[in-house]
Amino acid sequence: MTVRTTDTEITFARPFMLSAFDAWQPAGTYRLVVDEEEIFGLSFLAYRRKATMLHIPAISARSDRHQVVDVDPEELAAALDADALASRPHKE
């Protein structure tokens with residue numbers, strides 16, 4: 001089984017909450033790791049997402065506690081979209 005891992009950073013301009021958390025997380029840049037496995041038997045290369053893991057606290061936070069939390073990728077995408085929408089300047 002071939003697994004690929006993508007390691008990126010995502011940024012929230014405002015505090016956010018996901019169902020995987022017990023408390024709101026502060027604004028900041030977070031490390032996001034996505035694991036995908038190859039789907040065999042197709043005539044083209046394709047992968048299936050197996051895990052979406054968010055490292056907390058934010059990269060810039062100074063903390064002795066570090067957690068890796070498995071999050072729902074759709075919920076995370078919705079939270080990022082809501083953050084981007086809320087962070088846009090309002091037109092009057």
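Guide: This is a predicted model. E37 and R48 form a salt bridge, with the closest N and O atoms 3.0 Å apart. The pair links distant parts of the chain: E37 sits in strand 2 and R48 in strand 3, 11 residues apart.

Visitor: Is E37 buried or exposed?

Guide: E37 counts as buried, because its relative accessibility is 9% and the cut-off is under 20%. R48 is partly exposed, at 40%.

Visitor: Which residues are linked with E37 in a network of salt bridges?

Guide: R48 and K50.

Visitor: How many salt bridges does the count come to?

Guide: The count comes to 4. One of them joins the side chains of R4 and E36, at 2.8 Å from N to O. R4 lies in strand 1 and E36 in strand 2, so this pair ties together parts 32 residues apart in sequence.

Visitor: And the burial of those two?

Guide: R4 is partly exposed at 38% relative accessibility. E36 is buried at 13%.

Visitor: What does D7 meet in a salt bridge?

Guide: The side chain of R31, at 2.7 Å from N to O. D7 is in strand 1 and R31 in strand 2, 24 residues apart. D7 is partly exposed, with a relative accessible area of 45%. R31 is also partly exposed, at 33%.

Visitor: Switching to D83. Where is it found?

Guide: In helix 1, residues 73-87. D83 is buried yet has no salt bridge.

Visitor: Now R49. What does its side chain make a polar contact with?

Guide: The side chain of T52, at 3.1 Å. R49 is in strand 3, residues 47-56, and is partly exposed at 43%. Leaving aside neighbours within four places, R49 is in contact with V34, D35, E36 and P73.

Visitor: Which peptide bond is cis?

Guide: The one from I56 to P57, with omega near 5 degrees. P57 is in the loop between strand 3 and strand 4.

Visitor: Last one. Which residues form a nonpolar patch on the surface?

Guide: M1, V3 and F40, with about 380 Å² of accessible area together. M1 is in the segment before strand 1 and is exposed at 75%.

Terms used:
Residues numbered from 1 in each chain as written. Predicted model: local features only at pLDDT ≥ 70, side-chain atom pairs only at ≥ 80, totals over all residues. Heavy atoms only, no water. Helix = DSSP H or I, 4+ residues; strand = E, 2+ residues; numbered from the N terminus. Buried < 20%, exposed > 50% of the residue type's maximum accessible area, 1.4 Å probe, protein only. Lys, Arg positive; Asp, Glu negative; His and termini not counted. Contact = heavy atoms within 4.5 Å. Polar contact = N/O pair within 3.5 Å; in protein donor to acceptor, adjacent residues only side chain to side chain. Patch = residues over 30% accessible without salt bridge, like charges linked within 9 Å, V, L, I, M, F, W, Y side chains within 5 Å. Areas by Shrake-Rupley, 256 points an atom, 1.4 Å probe, with all protein chains shown as cover.
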